[in-house]
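Here is a friendly walk through a few features of this model. Keep the 3D view open as you read.

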Amino acid sequence: MTGIAESLLTQYYHVVFVLLLGIGVYTMIDAKNLVKKIIGLNVFQVSVFLFLVSSGYLEGAEPAIVKDGGGPYVNPLPHVLILTAIVVGVSLTALALALVVRVYQEYGTLDEEHLQEVMSDD
Amino acid sequence: MTDALLGVVIAVPVLASVVPLIASFWRDKIGWYVALIALSVNAFIVASIVRGFLNEGRLSHEVGGVSVPYGIELALDGLSVPILVLVALVSLGTLVYTRNAGPRSNSFYSGYLLLTAGLIGVTVTGDVFNLYVFIEITGLTAYALIASGDDGRSAYAALKYLIAGTVGASLYLIGIAYAFVATGTLNMADLSARLAEVGHSDTLVLTSFAFVVAGLGVKVALFPLHTWQPDAYSSAPYGVAAYVSALVSTVSAYALGRLVLTVYTPEFLVSNPVVSSALVYFGALSIVAGSVLAVLQTDVRRLLAYSSVSQFGLVVVAFGIANPTSVFGGVVTLFGHAVVKGSLFFAAGIFAYRLGVTRLDEYEGLARKMPYTGAAFAVLALTLVGVPPAVGFVGKWYVALGAVRAGETSVAVVIFASTLLTLMYVARLVDRMYYGAAGTGTSETAVADGGTGGVCVTYGMVALVVLAAIAVVVLGPVASAVQETLALGEVLGT
């Protein structure tokens with residue numbers, strides 16, 4: 001039991017990852033407003049970024065600028081990966097917002113339930 | 001030398017996708033020509049890559065000369081060759097269709113070329129993170145293309161697809177993050193060896209597997225993760241629906257197979273019997289649920305969408321059983337389904353553009369009004385059922401054979417039952433088309449609808465569908481002949 005409590009305290013970033021993930025998924029499912037859903041999506045993605053970035057961290061390690069007698073170094077690879085993933089996330093958000101604009105222009109609402117009603121009418 | 005072409009084949013459509021956008025300053029509607037040239041060039045490159053594969057076996061290329069496993073590897077083996085050929089063929093075929101049926105804007109073809117690049121990238125990459133990036137490129141462009149329909153409905157469907165698809169891709173990313181934490185590598189071949197070292201029953205490895213399967217399951221649209229798919233397919237323009245239904249889920253299913261079979265490997269499934277049965281039952285559930293839902297549909301496009309759910313269930317079952325016979329059946333099903341489903345959407349589009357019919361009850365007597373397209377539609381639909389000698393039969397046969405060899409007789413029963421269910425909705429459709437009273441109201445609907453965009457159905461479009469119908473029948477016997485060439489046993493490491 002203490003083992004779990006200890007690992008929760010030392011690996012608190014993992015707890016934050018799960019919390020953010022939960023918040024993101026919950027917002028996506030619960031929010032009726034399409035923009036809020038996209039915010040939920042962003043929170044969800046950020047949780048994944050946090051998880052990967054923190055996986056490369058090493059307590060007391062140096063940045064990976066290799067010199068004689070240096071080390072241990074943190075693993076720079078996850079950071080590079082997340083840089084790419086952030087770019088992907090930004091483009092997705094841009095596209096999602098563009099689609100939201102189009103939906104709003106067409107139907108004049110962003111409320112999911114209201115949208116379903118309007119759509120089943122025509 | 002040939003292996004360097006693996007990079008070129010991705011680069012050509014990416015570079016070409018910029019051209020229509022820049023050209024928009026001077027000319028409209030030039031995108032189609034750019035796409036035609038780029039994809040024809042690509043088809044030639046694919047042909048020489050396939051020749052290289054036939055001569056040398058597995059191809060591998062280190063991007064930028066950074067040595068594997070640190071750099072990104074592009075690779076081609078028996079599992080990916082059919083998919084690469086498929087992407088090259090379908091991307092050219094769809095162009096024939098969109099020439100007239102549209103969308104015709106330059107920006108559409110930029111998206112189209114990028115989507116093709118993403119699909120090829122997923123097919124040839126040998127790096128799990130690179131795979132994530134290509135999956136997202138595929139996803140992004142697919143959402144944009146789905147939204148290219150002219151009503152708000154398509155934008156809303158695309159948004160739903162975007163949210164589901166991004167969650168799927170992020171789950172996959174979590175999965176590979178766990179695998180990375182366990183092993184410290186991202187190269188597929190290296191990862192496979194290191195996962196075995198860590199131990200196949202290790203919690204991290206099992207967690208990563210679960211996330212990867214769930215994430216890609218959303219992308220493939222397996223039941224119950226399929227909810228984005230019918231809306232997306234039924235609100236997109238027909239050409240787009242055909243392309244997306246033929247390839248996007250297909251390469252995602254391929255990616256799932258690639259990870260399950262060559263990264264986690266069949267030994268992983270053997271040492272975790274619970275996981276392996278879960279995967280097989282996940283697929284089997286999709287087979288049955290997809291068929292049942294398809295029977296309930298009244299809109300032809302939604303019917304076709306749900307039938308995809310069922311077909312991809314079959315593919316996942318094949319990968320879950322994971323012996324060379326069933327995997328071969330899975331690959332044949334992937335290939336056959338892509339050609340059949342794409343062409344069915346083409347044919348449905350021709351009916352809609354010419355006569356304005358989209359619902360099942362409007363298909364009454366359709367085959368008499370449009371004999372060629374009608375006959376092609378019937379042949380393609382029967383291929384979906386698995387009537388011999390067409391390709392659908394060959395796929396189902398090998399999957400069922402593999403299942404029986406692996407001792408999973410219950411799966412073979414599910415496959416047989418789903419064939420009957422498929423026959424139920426296909427027979428209903430074909431029966432209406434051939435023996436239904438020739439619809440009286442349909443031509444009026446076409447005028448009243450007016451929503452077909454005044455697209456003129458060309459001979460090229462009809463010829464494409466007829467050609468596809470002939471191809472799927474011919475492909476059946478041919479498919480069995482290439483089993484040796486693909487050397488799937490080697491890919492699976494058995």
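In chain B, helix 17 (residues 391–405) and helix 20 (residues 459–481) cross at roughly 35°, and their axes come within 7 Å. Helices here are DSSP runs (H or I, at least four residues), numbered from the N terminus. Axes are lines fitted to C-alpha atoms over the stretch in contact, with angles from 0 to 180 degrees between N-to-C directions.

Helix 17 of chain B brings Val391(B), Val394(B) and Tyr398(B) to meet residues of helix 20 of chain B, among them Val472(B) and Leu475(B). Contact means heavy atoms within 4.5 Å.

## About the model

This is a predicted model, in which local features need pLDDT of at least 70, side-chain atom pairs count only at pLDDT 80 or more, and totals for chains, interfaces and linings use all residues. Residues are numbered from 1 along each chain as its sequence is written, chains are lettered from A and ligands numbered from 1 in the order in which they are written, and side-chain values use heavy atoms, leaving out hydrogens and water.

## A salt bridge in chain B

Lys160(B) and Asp231(B) join their side chains in a salt bridge at 2.6 Å, N to O. The two lie 71 residues apart, Lys160(B) in helix 6 (residues 152–183) and Asp231(B) in helix 9 (residues 228–235) of chain B. Over all chains, the search finds eight salt bridges (a side-chain nitrogen of Lys or Arg within 4 Å of a carboxyl oxygen of Asp or Glu).

Turn now to chain A, where helix 4 covers residues 77–107. Just after helix 4 of chain A, Gly108(A) has a positive phi of about 70°.

Technical notes:
The expected span of a helix is 1.5 Å times one less than its number of residues.
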